[in-house]
Amino acid sequence: MGRVIAVANQKGGVGKTTTAINLAASFAAAEVNTLLVDCDPQSNATSGLGFVKDPDRVNSYHLLMRDASAEEALLTTELEQLWLIPAHKNLIGANIELIDMEGREFRMREALAPLRDRFQFIVLDCPPALDLLTLNALVAADAVLIPMQGEYFALEGVSELLDTIERIRASLNPSLGIEGVVLTMFDERTNLAQQVMAELKNYFGEKLCRTTVPRNIRLAEAPSHGKAALMYDPRSKGAESYIRLAKEIIERQVPSSVQAPMEEAVAESATEAPAEETAAEMDKSA
Ligand code: ATP
Ligand code: MG
């Protein structure tokens, strides 16, 4: 059974979509079947993979309304092992329409259930709000990946997200874990960045990803070409950092299903962290 990772942070512009696209593309490039689901009415993950706006295309709105199956919404992409379920701006209406509907928080989970065996990773790109769309993603997910900008007030606002995760665990999805916190648009050379990193390490411990994502122009340019960074400029620092992040996440869980194609990656990263430590981390997140 695949792992469902929601990329969430209610703060806008912290790198959720950039992370969702490039992490999903990096999983796919590592030869594991991966599905990216655009859960944001802004539809940036959809356009970032080169799909023009099309109100008639089956999208995540139809899934939430039970008007279509996830199977019907699947799109193939430029990467052989990456599929996309797109969004459209009509998804904004789902926030209101869902309020009175039965099982309103469980719609995405239900929709994705038939696909979980087909994909080793399902990555959900959330909108910048703790609304019913994000709630649906968090109920559907096994774990949350939280992108944060390495800035002075980084921790401000994240407590609201952590409270929400706690509440979801207490009621709607007891097995929801935290996949990790990843620093984005990070400039490790500055003293301030180092201070922020130390503070976050203190707060999140092992949940703070070892991989940080630098500010990199290629990551910002790639979506306007409809490509993940590793297709646009595979040697860029941005593309490389997301490949490393994908390896780190795979290494954290190492289920037998993805172990084989990732042997190389795991062997490489094994020099950085002993296997027992990785297993212990997994227990904590379980
Ligand atoms: P929203 O909350 O609106 O959904 P978001 O959290 O998804 O935003 P992104 O859209 O990924 O954030 O990023 C915001 C902007 O910053 C975009 O223009 C994106 O191209 C740029 N960006 C993201 N990460 C990086 C990076 N590491 N280096 C340079 N630019 C980046
Ligand atoms: Mg976004």
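Why does aspartate 131 count as partly exposed?

Mentor: The model is a predicted one, in which local features need pLDDT of at least 70 and side-chain atom pairs count only at pLDDT 80 or more, while totals for chains, interfaces and linings use all residues. Residues are numbered from 1 along each chain as its sequence is written, and chains are lettered from A and ligands numbered from 1 in the order in which they are written.

Aspartate 131 counts as partly exposed because it has 17 C-beta neighbours inside 10 Å; a residue is buried if 20 or more other C-beta atoms lie within 10 Å of its own, exposed if 12 or fewer, and partly exposed in between, with the C-beta atoms placed from the backbone. It sits in the loop that links strand S5 (121-125) to helix H7 (132-140), where helices (H or I, at least four residues) and strands (E, at least two) are DSSP runs numbered from the N terminus. Isoleucine 96 is 35 residues away from aspartate 131 along the chain, and their C-alpha atoms are 9.9 Å apart.

Strand S1 (residues 3-7) is largely enclosed by the rest of the structure, because 5 of its 5 residues are buried. Arg3, Ile5 and Val7 point one way from the strand, whereas Val4 and Ala6 point the other way.

S1 also pairs in the parallel sense with strand S6 (residues 143-149), over 3 bridges. Isoleucine 5 stands opposite alanine 143 there, and valine 7 has leucine 145 as its bridge partner in S6. Of the 7 residues of S6, 6 are buried, and the strand is thus mostly covered. S6 is joined in turn by 7 bridges to strand S7 (residues 177-184), the two running parallel, and valine 144 stands opposite isoleucine 178 in S7.

The nonpolar packing can be described next. A nonpolar core is a set of buried Ala, Val, Leu, Ile, Met, Phe, Trp, Tyr and Cys residues joined through C-beta atoms within 7 Å, and the largest one here has 84 residues, with Leu124, Ala137 and Ala141 making the most contacts inside it. H1 gives the most to this core, with 8 residues. Alanine 141, if its neighbours within four places in sequence are left aside, is in contact with Val4, Ile5, Ala6, Leu124 and Leu176; contact here asks that the C-beta atoms of two residues, placed from the backbone, lie within 7 Å.

H1 itself has 14 residues and reaches 20 Å from its first C-alpha to its last, close to the 20 Å expected at 1.5 Å a residue, the expected span being 1.5 Å times one less than the number of residues. It is mostly covered, with 14 of its 14 residues buried. Glutamate 31, which follows H1, has a positive phi near 70 degrees although it is not a glycine. This residue lies in the loop between H1 and strand S2 (34-38) and is partly exposed, with 14 other C-beta atoms within 10 Å.

The last stop is ligand 1, which has 19 residues around it, and those that come nearest are Gly12, Lys16, Thr17, Thr18 and Pro128; a residue is near a molecule or strand if its C-beta atom, placed from the backbone, lies within 6 Å of it. Helix H1 (16-29) and helix H10 (217-221) each supply at least two residues of this shell, and H1 gives the most, with 3 residues. The shell divides into 6 nonpolar, 10 polar and 3 charged residues, where Ala, Val, Leu, Ile, Met, Phe, Trp, Tyr, Cys and Pro count as nonpolar, Asp, Glu, Lys and Arg as charged, and the others, Gly among them, as polar.

How values were computed: Two strands pair if DSSP finds at least two bridges between them.
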